[in-house]
Amino acid sequence: MAKRPAYSKLCQALADGHFVFTGELEPKKILTDGMEEVIHSAKEMKKTDRIIAANVTDGPQGDAYMCSLVPSFVVQRDAEIEAVWQVAVRDRNRVALFGDVLGGALLGLKNILVLTGDHTALGDNKQGRISYDLDSTQFCELLKKMIDEGTDYSGNEITDGKIEMNYGCVANPNAVGEYMEPEILKVGRKVEQGIDFIQTQTAFDIDVAKNFINELARFNVPILLGVFPMKSYGIAWYFDKYIPGVSVPKDLLNALKKAEKDNKGNKPAKYAALDKVNVEFFVPFIEEIKKNSKASGIHCMAVEYERLFAPLLDKYPDYAKNYY
Amino acid sequence: MIITEQKDINEIYEMIKDYNKILIAGCDGCCQPPRSINEAKVLGQLLELKAKTEGKDLKWRAITVLRQCDDRIAATTIRPFVEEYEAIVSLACGLGIVMLNKIVENIITYPAQNSMYGGVQNAGENYFIQYCETCGDCLLGETGGVCPIAGCAKHLKNGPCGGTVDGKCEVGGYTRPCAWIEIYKRLKKFNRLDLFKIYRPARDYRSATSPAYIPINKDYTNIKEEKEEKK
């Protein structure tokens, strides 16, 4: 099959050979004020001239949050930065997924990130019934049918217009040792179903990250490695404890803890100390990934941590402004 | 085996509190743990005690049925008793409850159990484990005999998902095995990772749409078809 055109700015920048950055926005249990904050974050991303698109999460950790479709649209409209609309297959069957994607296409969304989604058993409405009518690979097939063939999953035609979207999947670099092969083979099935890019879960170990990227490189699909600068010790602790498969290095945890402890009661000094810890860890990390791996970019999951963008990204070319 | 769990005694009592005389029916069929005459008797005693605390005198009789889901067996066992009783409490799985309500039309049969799943008990393990979800679309031939429908919390056909850590599942606090890692290990052992790699399209849920009615073919001769061919 011929390669799908780059419909989105993200995929265009990747096709043009730029080392790209994407950010992450997390609409939680919010309405108007919360949405203002999300839009503010998105605007700060755009200001960097390095972040080309912003992921909008869909009920992370299985929590009941605002849907990802509407904020994706609002972010594109009000912050004028492209959204990577995250869609988890946890909550919707093939009928609803099809309907949502058509709606998203009508609203001008260009990127979908396909996710299985954390089980509701992990979330804040544990009693809920899961859907998983399609799994994430099958959702990729649905998107392939919608975009390339103009039909729903059963082959019924979309009567007018063509959907112009790109979609990607996630992969977990923390599947190491004997667990790496099944992870890679699973991504292979999604490649078969036409994904345009891969954004990975965050990794903190540089060798693990590089090794995983080099394994994924066999698929010849652009890979954005996930990194997670942490704006507080609390977030780092939560991430370490509750996010599947991710462990924050002890040294980094301790450094963040120390940064907070040493500057208790002095907010500006505390922020500066936390930022310093993150910069010292992630600047060389990103540089090493860029120089010595086959990654095409970085997915920076620093939600609501805009002030770190400048020190983290300033040394890279401001390619993104040509695409906004 | 059909794995059941007894309902809370208060919930059972709420259902039957307006009756004075009830029949409690155990089942000797495939329920696990056993729900036979002894369990029926214990339930009767508990309900009697509960009724006493409410100032009521509840009369009960415990019996057991070979298989409550078999209409003829259930009818011949139950019908001699029903005249005397105002309601039945059944310790069978859901199949038994529905069947007793069908064959004993003039009184209501209430459930004492929650029917959980079709499961097995392995020697030395303290669990009833769900091995099959009777999904109507058996995949075991391509998954090394490990079921991703019953064994995966998300019923994935193309796993593993990102919720597996060191071969354990995010659901249940990383204590239970990830079915897809088990499948991977089985297929790798038999040098059949080709089966692991293949993409499995979405399930056809028509095979699992409720209520299911599968016709029973009672005619195994081919004479009819031959006659039709002659025409």
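Let's start in chain A: S5(A), H6(A) and S6(A) form a right-handed β-α-β unit. Right-handed here means that, with the strands pointing away from the viewer, the path from the first strand over the helix to the second runs clockwise. Helices (H or I, at least four residues) and strands (E, at least two) are DSSP runs, numbered from the N terminus.

A word on the source. This is a predicted model: local features need pLDDT of at least 70, side-chain atom pairs count only at pLDDT 80 or more, and totals for chains, interfaces and linings use all residues. Residues are numbered from 1 along each chain as its sequence is written, and chains are lettered from A and ligands numbered from 1 in the order in which they are written.

Back to S5(A). How many of its residues are buried? Six of the six, so S5(A) is largely enclosed by the rest of the structure. Buried means 20 or more other C-beta atoms within 10 Å of the residue's own; exposed means 12 or fewer, partly exposed is in between, and C-beta atoms are placed from the backbone. Look at the two faces. Asn166(A), Gly168(A) and Val170(A) are buried on one side. Tyr167(A), Cys169(A) and Ala171(A) are buried on the other. In a regular strand the side chains alternate between the two faces of the sheet.

Now the neighbours of S5(A). S4(A) and S5(A) run parallel, joined by four bridges. Strands count as paired if DSSP finds at least two bridges between them. Ile112(A) sits opposite Tyr167(A) of S5(A). From S4(A) the chain passes through H5(A) to S5(A), and this β-α-β crossover is right-handed. S5(A) also runs parallel to strand S6 (residues 197-202) of chain A, again through four bridges. There, Cys169(A) faces Ile198(A) in S6(A).

Next, the connecting helix. H5 of chain A covers residues 136-149, 14 residues in all. From first C-alpha to last it reaches 19 Å, close to the 20 Å expected at 1.5 Å a residue. That expected span is 1.5 Å times one less than the number of residues. Of the 14 residues in H5(A), 11 are buried. Among them are Phe139(A), Leu142(A), Leu143(A), Met146(A) and Ile147(A). Glu141(A) and Lys145(A) are on that list too. What covers the buried residues of H5(A)? The cover includes helix H4 (94-106), strand S4 (111-115), strand S5 (166-171) and helix H6 (180-192) of chain A. After H5(A) comes Gly150(A), with a positive phi near 70 degrees.

H3(A) next, residues 69-78. Leu69(A), Pro71(A), Ser72(A), Val75(A) and Gln76(A) are buried there. Their cover includes strand S1 (20-25), helix H2 (32-47), strand S2 (51-56), strand S3 (82-88) and H4 of chain A. Following H3(A) is Glu80(A), whose phi is also positive, near 55 degrees.

One more residue in chain A. Leu312(A) lies in helix H11 (residues 309-313). Leu312(A) is buried, with 25 other C-beta atoms within 10 Å. Leaving out residues up to four places away in sequence, Leu312(A) touches Pro229(A), Val279(A), Phe282(A) and Val283(A). Contact means C-beta atoms, placed from the backbone, within 7 Å.

On to chain B. Its domain assignment gives domain 1 (2-116) and domain 2 (135-201); such bounds come from an automatic or database assignment. The C-alpha centres of these domains lie 39 Å apart.

Chain B has an open sheet of four strands, mixed in pairing, in the order S3-S1-S7-S8. Strands S3 (31-32) and S8 (128-132) stand at the edges with a single partner each, so one side of each is left without a neighbour in the sheet. S7(B), residues 113-121, pairs antiparallel with S8(B) over four bridges. Gly118(B) has Cys132(B) in S8(B) as its bridge partner.

Last, where the chains meet. The contact takes 24 residues from chain B and 27 from chain A. On the chain B side, helices H6 (179-189) and H7 (193-197) each supply at least two residues. H6(B) gives the most, three residues.

Finally, Val171(B), in the loop between strand S10 (168-169) and H6 of chain B. Is Val171(B) buried or exposed? Val171(B) is buried, with 20 other C-beta atoms within 10 Å. Val171(B) touches His119(A), Ala121(A) and Ala153(B), not counting residues up to four places away in sequence.

How values were computed
Contact = placed C-beta atoms within 7 Å.
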